[in-house]
Amino acid sequence: MSSPSHEADVLVVGAGPAGVAAAMMAASLNLRTVVVEAGPVGGKLHVINALENVPGSWSTGPQLAKALASDLARLQQAGRCVVMEARAVGVNGHDDRAELALEDGRVLTAQVIVVATGVAALASSDVDWVGAPAQFSASPLWRTIPEDLAGQTYVLGGDRPLGTWLRAHPKVPTTLHVLCPPADDYKVTEVAGDDRIRLVPVSHVALSQPAYGDGWTVEVKDRHGARKTFAATTVLSNLGNKPAALEGLTRGEDGYCPPERQHPRIRIAGDLRSARYQRVATAQGAGAEAVLAFYYSTVVQVT
């Protein structure tokens, strides 16, 4: 079905859960498939220590990443997929093709591009409700094991990994004090009744190091303007993510890329779609669905 000038029927950008699912679906439909990935297969899975709500009995991100890499290797060995190590920087849709611009200046073309570049973790400097010294760096909650926790532990943000982490670690040795801005209220609903956490609604948080001793001083401004100060032994980051969108994509006000607002030859899959659907399982389904939607709308006329 491809024009000889096209590198593929389906170009998949990103080899995380959504991208690999898209590649597997495309290959199963006998579509010429190229996966473009700048880093290791699995993406952020490599730094997620706990997986709890993903089918398949996976307990850690690296386990699932290894399985995804094996899936792609199998497709490559069978000649059903090509994996290209490169960094994509932009996409463009036309009536007869989709174009993918690479950082090195090359431009690849295909019948359709599935963009599954996912998200990147927010740092404290990316959000306006946290003030911290320039040298401040907090370990992510989802990379922390319970044995490392001691004393007063404060968590910046109520993003969804909180629930996954709590379910994956049923025996937590200390209470987690979760500093929750208004934007995270809907995310913490699933854990609001867990007696291992204390939700602290805030409008602003200022972090500083005490003059003497270790740890952090946490000055909190609540939703009503009242201020309180706490001493923290450990501060962990759970601020959420920012979309890793390519140039040429249509973004919403929140920076994410709604699938329905893109060119018909540009399909969005996985976490890049919305902040509300950031789950591994839904990312995999979205990747496969993006390819199927193209297949049935373009290749097969269903009556």
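Serine 203 is partly exposed, with a relative accessible area of 33%. The cut-offs are these: buried means under 20% relative accessible area, exposed over 50%, and partly exposed in between, using a 1.4 Å probe and protein chains only. Serine 203 sits in the loop between strand S12 (197-201) and strand S13 (204-208). Helices (H or I, at least four residues) and strands (E, at least two) are DSSP runs, numbered from the N terminus. Serine 203 and alanine 183 are 20 residues apart in sequence, and their C-alpha atoms are 9.8 Å apart in space.

The model is predicted: local features need pLDDT of at least 70, side-chain atom pairs count only at pLDDT 80 or more, and totals for chains, interfaces and linings use all residues. Residues are numbered from 1 along each chain as its sequence is written, and side-chain values use heavy atoms, with hydrogens and water left out.

**The second largest pocket**

What is the make-up of the lining by class? It has eleven nonpolar, four polar and seven charged residues. Here Ala, Val, Leu, Ile, Met, Phe, Trp, Tyr, Cys and Pro count as nonpolar, Asp, Glu, Lys and Arg as charged, and the others, Gly among them, as polar.

**Helix H1**

H1 covers residues 17-28. At 1.5 Å a residue, its twelve residues should span 16 Å, and its end C-alpha atoms are 17 Å apart, which agrees. The expected span is 1.5 Å times one less than the number of residues.

H1 is mostly covered, with nine of its twelve residues buried. These are Pro17, Ala18, Gly19, Val20, Ala21, Ala22, Ala23, Ala26 and Ala27. Methionine 25 is also found in H1. At 21% relative accessibility, methionine 25 counts as partly exposed.

**Helix H2**

H2 (residues 61-77) has 17 residues. From first C-alpha to last it reaches 24 Å, close to the 24 Å expected.

Which residues of H2 are buried? They are Gly61, Leu64, Ala65, Leu68, Asp71, Leu72 and Leu75. They cover an arc of only 115 degrees around the axis, so they lie on the same side of H2. The arc is that of the directions from the helix axis to the C-beta atoms. An α-helix has 3.6 residues a turn, so residues three or four places apart point the same way. The face of H2 turned away from its buried side carries the exposed residues Lys66 and Gln77.

At the start of H2, a side-chain oxygen of threonine 60 reaches to within 3.3 Å of the backbone nitrogen of glutamine 63. Glycine 61 has a relative accessible area of 0%. Just after H2, glycine 79 takes a positive phi of about 75 degrees.

Most residues other than glycine have a negative phi. Asparagine 30 has a positive phi, near 60 degrees. Asparagine 30 lies in the loop between H1 and strand S2 (33-37). At 71% relative accessibility, asparagine 30 counts as exposed. Serine 57 has a positive phi too, near 65 degrees. Serine 57 lies in the loop between S2 and H2. Its relative accessible area is 74%, so serine 57 is exposed.

**Pairs apart in sequence**

| Pair | Apart in sequence | C-alpha to C-alpha |
|---|---|---|
| Glycine 61 and asparagine 49 | twelve residues | 5.9 Å |
| Valine 220 and valine 202 | 18 residues | 6.6 Å |
| Methionine 25 and leucine 292 | 267 residues | 7.5 Å |

Valine 220 belongs to strand S14 (residues 216-221). Valine 220 is buried, with a relative accessible area of 4%.

**A loop contact**

Threonine 174 is found in the loop between helix H3 (161-168) and strand S11 (176-180). At 13% relative accessibility, threonine 174 counts as buried. A polar atom of the threonine 174 side chain lies 2.9 Å from the backbone oxygen of glycine 151.

Terms used:
Polar contact = N/O pair within 3.5 Å; in protein donor to acceptor, adjacent residues only side chain to side chain.
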